[in-house]
Amino acid sequence: MEDNKMNGESSNMRLRKLERRVESLEHKVSQLSSVFDVVGVTIKQLVTIVDSTTAGNAGTNRISSIKIGKAENTTRSSSRRLMTETQIKEAEKIKLERAVLKGADSESKFYVSFDPDKGRGVVALQCFNPGDFVLEYAGELTTKTEAKSREIIYGKTTSNPGCYMYYFKHKDVSYCIDASVESGRMGRLVNHCRTYPNCTTRVLELNGEIKLILVALRCVSVNEELSYDYGDHSNLKSCP
């Protein structure tokens, strides 16, 4: 009970830190927008100066105004596009981190199904858009060497329900998430699909810990079973 309480407090502290980061990002966006507005005003003032100093040549004046106007639009558009791309990536990462920190609480959006041929599976109770966090493949992070040793042990243990080992490489280092122990977490129960999966795996570093998560590969409908390709995990994409 005491450990659960400490874990809950730790998660709350992490959530508060993430919320402060979001507020800081929003403030920076507001500041940058103000700067771009000032730049726009300054360019407009420059156009006025050009107009007044070239009044004797109406044709040149019009051409200069058009060129400066285009430069203004290009500068503001490029700056805002660069700002947006940077802020979107950071916002996406924060969104994923907040979802992962919720742990098992985030799994109320799903239920476990059973099929005579496939066994257990996971079905969505709500819609997901491409890129949305779906589930964490929760388990014990270990080395590839240790995981291979465990596979041998698991194969000799009749009471073991199965081997839920997920091998992957991150930053040129081989890892494995061992989710063989029944934990109640649903990520380990998502089935394989090579032809038309609706999820894919990503690596997320959260407070120095390596997490393996499932994100939506395409739109996921209500009552649709989750799936992803169990294929080659040698070079998983990081988030984001």
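**Exercise 1.** Determine which side chains make a polar contact with the side chain of Asp-178.

*Solution.* The side chain of Asp-178 reaches that of Ser-180 at 2.8 Å and that of Tyr-154 at 2.7 Å, a polar contact being a pair of N or O atoms within 3.5 Å, where within protein one must be able to donate a hydrogen and the other to accept it, and residues adjacent in sequence count only if both atoms are side-chain atoms. This is a predicted model, in which local features need pLDDT of at least 70 and side-chain atom pairs count only at pLDDT 80 or more, whereas totals for chains, interfaces and linings use all residues. Residues are numbered from 1 along each chain as its sequence is written, and side-chain values use heavy atoms, with hydrogens and water left out.

**Exercise 2.** Is Asp-178 buried or exposed?

*Solution.* With a relative accessible area of 6%, Asp-178 is buried, since buried means under 20%, exposed over 50% and partly exposed in between (1.4 Å probe, protein chains only).

**Exercise 3.** Classify the ring pair of Tyr-137 and Tyr-166.

*Solution.* The centres of Tyr-137 and Tyr-166 are 5.4 Å apart and their planes stand at 55 degrees, so the pair is tilted. Finally, Tyr-137 is buried at 6% relative accessibility, and Tyr-166 is buried at 3%.

Methods: Rings of Phe, Tyr and Trp (its six-membered ring) pair if their centres lie within 6.5 Å; planes under 30 degrees apart count as stacked, over 60 as edge-to-face and the rest as tilted.
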